[in-house]
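Keep the structure open while reading.

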Amino acid sequence: MTVDPNAATRGFPSPPPARGPGPARYLVPALVAAAVAVGLGVYGKVHDPAGTAFNLAGFSSTGAVKSWLATTAFFFALVQLVSALMMYGKLPGPGWASALHRWSGRIAFLVAVPVAVHCLYALGYQTYSTRVLAHSLLGCFFFGVFSAKMLLLRWERLPGWLLPIIGGLVFTVLTAIWLTSAFWFFRTFGVTT
């Protein structure tokens, strides 16, 4: 009996086609985002505001320090937006646009953390005006969405549209936070240090 080595094999089922990640895969980042946002909000609400958390020499008030730090974070968020557009080919850019994107994000986050710590520790979750309520909600939501983005960055085989949507949401929320805090401060008290 002769056997043709090139003959198609029979009797063995073909492996199932590779499937993309299921919807449950996105449940973990969504749950982490919700936990971070709600946790920050609850902490800010139940914590007795300390009044002040930090101040820097050379600034007239804590509000001025926070406003300039928030403006610095917003500036680096703009760098993130432009470098992301370069990475996705929507704008011409250098080969190091992805490194610029990563480092501007790191700097924006590092600058935003002291502002958030001050808001939560010194002021807490406040609701005494529409602007302050919006700022409190947006601040909690920002760190929740940011946490989800950081988790998603580590995963492979994500849909191509997901990270731009999440990144755009992070940028939009940070812009709204800046408008309800630093921009309001500079319009109310003047551009002061």
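The model is predicted.

| Helix pair | Angle between axes | Axis distance | Crossing |
|---|---|---|---|
| H2 and H5 | about 155 degrees | 10 Å | left-handed |
| H2 and H6 | roughly 130 degrees | within 9 Å | left-handed |
| H3 and H4 | about 140 degrees | 12 Å | left-handed |

**H2 and its partners**

Helix H2 covers residues 62–87. It has 26 residues. From first C-alpha to last, H2 reaches 37 Å, close to the 38 Å expected at 1.5 Å a residue. Just after H2 comes Gly-89, with a positive phi of about 75 degrees.

Start with H5, residues 162–179. H2 packs on H5 at an angle of about 155 degrees. Angles over 145 degrees count as roughly antiparallel, so H2 is roughly antiparallel to H5. On the H2 side, the contact uses Ala-70, Thr-71, Ala-73, Phe-74, Ala-77, Leu-78 and Leu-81. H5 answers with Phe-171, Leu-174, Thr-175 and Trp-178. By class, that contact has 9 nonpolar residues, 2 polar and no charged.

An α-helix has 3.6 residues a turn, so residues three or four places apart point the same way. Look for that spacing in the H2 list: Ala-70, Ala-73, Ala-77 and Leu-81 are among the residues that meet H5.

Now take H6, residues 182–189. The axes of H2 and H6 come within 9 Å and cross at roughly 130 degrees. That makes H2 oblique to H6. Gly-63, Ala-64, Ser-67, Trp-68, Ala-70 and Thr-71 of H2 meet Ala-182, Phe-185 and Phe-186 of H6. Here the residues divide into 6 nonpolar, 3 polar and no charged.

How many aromatic pairs does the structure hold? There are 12. One of them joins Phe-74 and Trp-178. Their ring centres are 4.7 Å apart and their planes meet at 10 degrees, so the pair is stacked. Phe-74 sits in H2 and Trp-178 in H5, so the pair ties together parts that are 104 residues apart in sequence.

**H3 and H4**

Helix H3 runs over residues 97–123 and helix H4 over residues 130–153. H3 has 27 residues, which should span 39 Å at 1.5 Å a residue. Its end C-alpha atoms are 37 Å apart, which agrees.

H3 and H4 pack at about 140 degrees, with axes 12 Å apart. They are therefore oblique to each other. H3 brings His-101, Phe-109, Ala-112, Ala-116 and Cys-119 to the contact. H4 brings His-135, Phe-143, Phe-146 and Lys-149. These residues divide into 6 nonpolar, 2 polar and 1 charged.

Key
Residues numbered from 1 in each chain as written. Predicted model: local features only at pLDDT ≥ 70, side-chain atom pairs only at ≥ 80, totals over all residues. Heavy atoms only, no water. Axes fitted to C-alpha atoms, helices over the stretch in contact; angles between N-to-C directions. Helix = DSSP H or I, 4+ residues; strand = E, 2+ residues; numbered from the N terminus. Parallel < 35°, antiparallel > 145°, perpendicular 65-115°, else oblique. Left-handed = near helix turned anticlockwise from the far one by under 90°. Contact = heavy atoms within 4.5 Å. Nonpolar A, V, L, I, M, F, W, Y, C, P; charged D, E, K, R; others polar. Expected span 1.5 Å × (residues − 1). Phe/Tyr/Trp six-rings, centres within 6.5 Å; stacked < 30°, edge-to-face > 60°.
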